[in-house]
Amino acid sequence: MTTASIHAATRGHDSLDRIYRAITLRTIPMLFVCYMCNYLDRINVGFAKLQMLDDLKMSETAFGLGAGIFFVGYVLAGVPSSFALRKISPRRWMCILMLVWGALSASLMWVKSPSSFYVLRFLTGVAEAGFFPSIVLYLAQWFPSSRRGRVMSLFMVSIPLSGLVGGPLSGWILQHFAAAPNGLAAWQWLYLLQGAPTIVMGLVLLSVLRDDVDHADWLGESGKQLIREDLERDARLQSTLHNTRKTARPALISHTVLMLGFVYFCIQMGVYAMNFWLPSIIRSLGFPNLGVVGLISAVPYLCAAVVMVFVGRSADAHQERRLHLGVPVLIGFVGLLLAATANGSIPVALGGLTLATAGTLTGLAMFWPFTSAVPGGSPSAPSVALINSVGQIAGFVSPYFIGWVRDTTHSTTPALYLLSSAMALGAILVMRPPRAISVPIVSSEVATD
């Protein structure tokens, strides 16, 4: 290679870096805020629980069922929702879903009985089912696989930041509106004030984002061409490395998809344990003030945000996915185990909860880049939806199981043992040799055809 060609290649690489930075600034902040709205919808249920159980005469088991039935709707609607992407772009589909689930989430303020709680939670799960798969496919239209680790980690920092912001905010709302003179309980205000903004952000998303590179009016034609060529090179590379199969059938029935779905299920068992029960666990340590509970719950999420960014950068820098997923999941296992064996020790319990939150959420962020590193490359729309749906079954199993255990034993310890075991199993499956997950999962169809 001549000196001139080396300089030309370097300039081209620098140009790509600049363009991808511009794309990141244009897309990630918007998706970041919208996904915060998505996760606030899940976190606020755990805080509303601290008051609504008494008002509705609901048991811990009944609450666990209501929290978990969300994911029955989520799982049932997952694959059907993905097929909407054949007719509707990810950007428009995300907007529609946000309008619907925002209205349903705010409507939770009017529940009067466990049965109405179950119905609204189920419908909200149906509405949210296609949102995350749409984001995964949307980002795949803008970024090659070699850059998705950092991008996904930046975007998914919205999850711990939802806890970082949502915990203190939820605690403040429950404290501040407890004496509101308008007849609404504080937990009703919580649902309203954290559900309505989702509707607004759905409309903002539609106006701010663009469907793909070809519609990015803020990119020059030369910049668009560089990105098109880079994405085409990435597609050819993935096809060469993984001997991509050209049929859609394996995407839904292959060993790979089911194995990835089970790994995702194991990770989500820990994630939803934190989402729904972190406030209750903290309160049980001897912190009765709800504002203090909200502030303390922010600490694990703050640590998780820092760890997620660091691990995402490391994964892309080393172009390694397996260990960058497996090690955080193992850390989540250790954290849950510590929380289960704390025996009332506040430092040990909070340390365990912090490790568990950082490990599980970092594993969540690293999972989707990992799927493009297994033989077969990046999943298609149906396979993304199926993997996500299998994993989200944990959203029903985890909260319902913990609620049942609390009602039966008056302790969360046995449940945390089981959840930590699931995390350990997920880490073991990830760390197995690459041939353990060996069937291609991509298809010839594009994500939005």
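1. Contacts along the chain. Counting contacts in the protein between residues at least 6 apart in sequence, 85% join residues at least 24 apart. The model is a predicted one. Its secondary structure comes to 16 helices and zero strands. Of the 449 residues, 59% count as buried.

2. The nonpolar core. The largest nonpolar core has 135 residues. Helix H1, which covers residues 3-56, supplies the largest share of this core, with 21 residues. The residues with the most contacts inside the core are Met52, Phe117, Phe132, Leu139 and Phe155.

3. Which residues is Phe132 in contact with, leaving aside its neighbours within four places in sequence? They are Tyr35, Tyr74, Met152, Phe155, Met156, Tyr264, Trp368 and Asn388. Phe155, one of these partners, is also listed with Phe132 among the core residues that have the most contacts.

4. The second largest pocket. Its volume is about 320 Å³. Of the 13 residues that line this pocket, Tyr20, Thr24, Arg147, Arg150 and Val151 are the closest to its centre. H1 gives the most to the lining, with five residues. Helix H6 (148-156) and H1 each supply at least two residues of the lining. By class, the lining has five nonpolar, three polar and five charged residues.

5. Cavities. How many cavities of 30 Å³ or more does a search of the whole structure find? The search finds four. The second largest cavity holds about 40 Å³ of space. Its lining consists of Arg26, Thr27, Tyr138, Trp142, Val208, Leu209, Arg210 and Trp218. By class, these residues divide into five nonpolar, one polar and two charged.

6. Ser81. This residue lies in helix H2, residues 60-83. Is Ser81 buried or exposed? Ser81 counts as buried because its relative accessibility is 7%, and the cut-off for buried is under 20%. The side chains of Ser81 and Trp93 are joined by a polar contact of 3.0 Å.

7. Met98. The place of Met98 is in helix H3, residues 90-107. Its relative accessibility is 0%, so Met98 counts as buried. Not counting residues up to four places away in sequence, Met98 touches Cys34, Phe131, Thr198, Ile199, Met201, Gly202 and Leu205. Met98 and Gly195 are 97 residues apart in sequence, and their C-alpha atoms are 9.9 Å apart in space.

8. His176. This residue is in helix H7, which covers residues 158-176. With a relative accessibility of 49%, His176 counts as partly exposed, because exposed means over 50% and buried means under 20%. How far apart in space are the C-alpha atoms of His176 and Gly291? The distance is 9.2 Å, although His176 and Gly291 are 115 residues apart in sequence.

Technical notes. Residues are numbered from 1 along each chain as its sequence is written. This is a predicted model: local features need pLDDT of at least 70, side-chain atom pairs count only at pLDDT 80 or more; totals for chains, interfaces and linings use all residues. Side-chain values use heavy atoms; hydrogens and water are left out. A nonpolar core is a set of buried Ala, Val, Leu, Ile, Met, Phe, Trp, Tyr and Cys residues joined through side-chain atoms within 4.5 Å. Buried means under 20% relative accessible area, exposed over 50%, partly exposed in between (1.4 Å probe, protein chains only). Helices (H or I, at least four residues) and strands (E, at least two) are DSSP runs, numbered from the N terminus. Contact means heavy atoms within 4.5 Å. On a 1 Å grid over the protein atoms alone, a cavity is a set of points where a 1.4 Å probe fits but cannot get out, and a pocket is an open set with protein on both sides within 12 Å along at least five of seven lines; lining residues have an atom within 4 Å of a point. Grid points are joined across faces, edges and corners, and a volume is the space filled by probe spheres set on the points. Ala, Val, Leu, Ile, Met, Phe, Trp, Tyr, Cys and Pro count as nonpolar, Asp, Glu, Lys and Arg as charged, and the others, Gly among them, as polar. A polar contact is a pair of N or O atoms within 3.5 Å; within protein, one must be able to donate a hydrogen and the other to accept it, and residues adjacent in sequence count only if both atoms are side-chain atoms.
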